[in-house]
Amino acid sequence: RKPTLAVVGATGAVGTVMLEILSQREDVWGEIRLVASPRSAGRKLTVRGEEVEVVALSEEAFEGVDVAMFDVPDEVSARWAPIAAAKGAVAVDNSGAFRMDPDVPLVVPEVNAHAARMRPRGIISNPNCTTLSMIVAMGALHAEFGLSELIVSSYQAASGAGKDGVDTLRAQLAAVVGTELGTQPGDVRRAVGDTTGPFPAPLALNVVPWAGSLKEDGWSSEELKVRNESRKILGLPDLRVTATCVRVPVITTHSLTVHARFENEVTVDQAHEILANAPGVVLFDNPAEGEFPTPADVVGTDPTWVGRVRRSLDDPNALELFVCGDNLRKGAALNTAQIAEVVAAELTAP
Ligand code: 2RA
């Protein structure tokens with residue numbers, strides 16, 4: 001019997017990408033049940049080329065479900081993932097509710113698929129999109145050279161802040177296009193007025209050094225997530241990690257610059273070879289031909305793209321890289337689907 005999958009949050013931004021991804025990947029599922037808030041119940045959505053009616057989130061919705069994916073806000077996951085688990089499903093959660101719970105594995109199949117088997121709460125977490133946009137490449141380099149420190153800056157797309165983020169950026173771009181704005185202090189801010197949406201400053205014609213909420217000592221929640229999640233996924237609880245998270249006027253695809261320091265000396269040739277052969281990574285690194293990843297080219301694709309690989313001029317143990325990943329695909333829906341497939345393979349193994 002092929003396992004039954006529930007997609008909770010099927011009508012949301014990530015849920016929509018999830019249905020697309022489930023329609024494109026090898027079909028390991030029997031029934032796919034679409035679950036959303038009662039408000040969306042009765043709507044029909046297409047998955048695997050078939051129309052499926054959305055059912056309301058309730059205990060009964062998990063009846064007979066083997067794997068339940070959650071693409072919903074933290075508080076909804078916090079309440080319902082344990083209910084799905086109690087009903088016998090393995091919950092794969094894309095919210096922040098359980099990521100740092102020591103009894104919940106945080107899984108990126110290319111890096112730590114084995115961790116998915118140890119799930120005492122019946123819940124597996126999917127990392128935050130910023131961590132996910134770089135961690136597959138970092139995992140591959142770590143396996144060879146032994147990672148000792150990461151210093152990263154992110155260039156995060158508006159869709160990381162949801163549909164509101166995308167709508168805000170599009171509205172602001174419409175307000176500034178064809179104008180002379182961007183030449184005087186505050187002129188963009190005055191033009192967009194109060195419409196900064198989920199961002200603390202205008203995003204059009206701008207970069208904003210902030211993502212998430214304020215935590216202790218001036219760090220943002222996003223910066224702490226990159227640190228804590230990288231440590232947990234790589235199994236390096238003392239890894240030195242410093243992140244500065246920045247929002248840029250890109251619709252979808254997060255980028256990061258990475259300074260990665262290793263236990264051992266590195267060369268660009270070795271790094272190229274590892275990255276070129278790493279599953280889930282595309283090496284695109286030929287600056288002489290203008291070849292490096294950019295969000296405009298990467299958006300809509302599955303892999304982690306890596307370019308601008310250099311050995312640090314002052315440290316033979318360190319590399320500098322530029323990494324891009326679609327924050328809605330590998331950064332969210334795709335990784336969740338991959339984890340669910342790992343569980344499906346386990347459940348159907350002879
Ligand atoms: C962002 N990483 O880009 C967040 C979303 N989870 O805002």
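The model is predicted: local features need pLDDT of at least 70, side-chain atom pairs count only at pLDDT 80 or more, and totals for chains, interfaces and linings use all residues. Residues are numbered from 1 along each chain as its sequence is written, and side-chain values use heavy atoms, without hydrogens and water.

Select Thr 11, Gly 12, Ala 13, Val 14, Arg 39, Ser 40, Ser 159, Gly 160 and Asn 327, which the unreviewed UniProt entry annotates as "binding site". Such annotations may be inferred rather than shown by experiment. The set spreads over 317 residues of sequence and, in space, up to 26.8 Å between C-alpha atoms.

Next, select Thr 11, in the loop between strand S1 (5–8) and helix H1 (13–24); helices (H or I, at least four residues) and strands (E, at least two) are DSSP runs, numbered from the N terminus. Thr 11 is partly exposed at 25% relative accessibility, where buried means under 20%, exposed over 50% and partly exposed in between (1.4 Å probe, protein chains only).

Move to Ser 159, in the loop between strand S9 (147–156) and helix H5 (162–176). Ser 159 is buried, at 8%.

Now show Phe 62 and Phe 70. Their ring centres are 5.9 Å apart and their planes at 25°, so the pair is stacked. Rings of Phe, Tyr and Trp (its six-membered ring) pair if their centres lie within 6.5 Å; planes under 30 degrees apart are stacked, over 60 edge-to-face, the rest tilted. Phe 62 is buried, at 0%.

Last, select Tyr 155 and Phe 322: with centres 6.2 Å apart and planes at 65°, the pair is edge-to-face.
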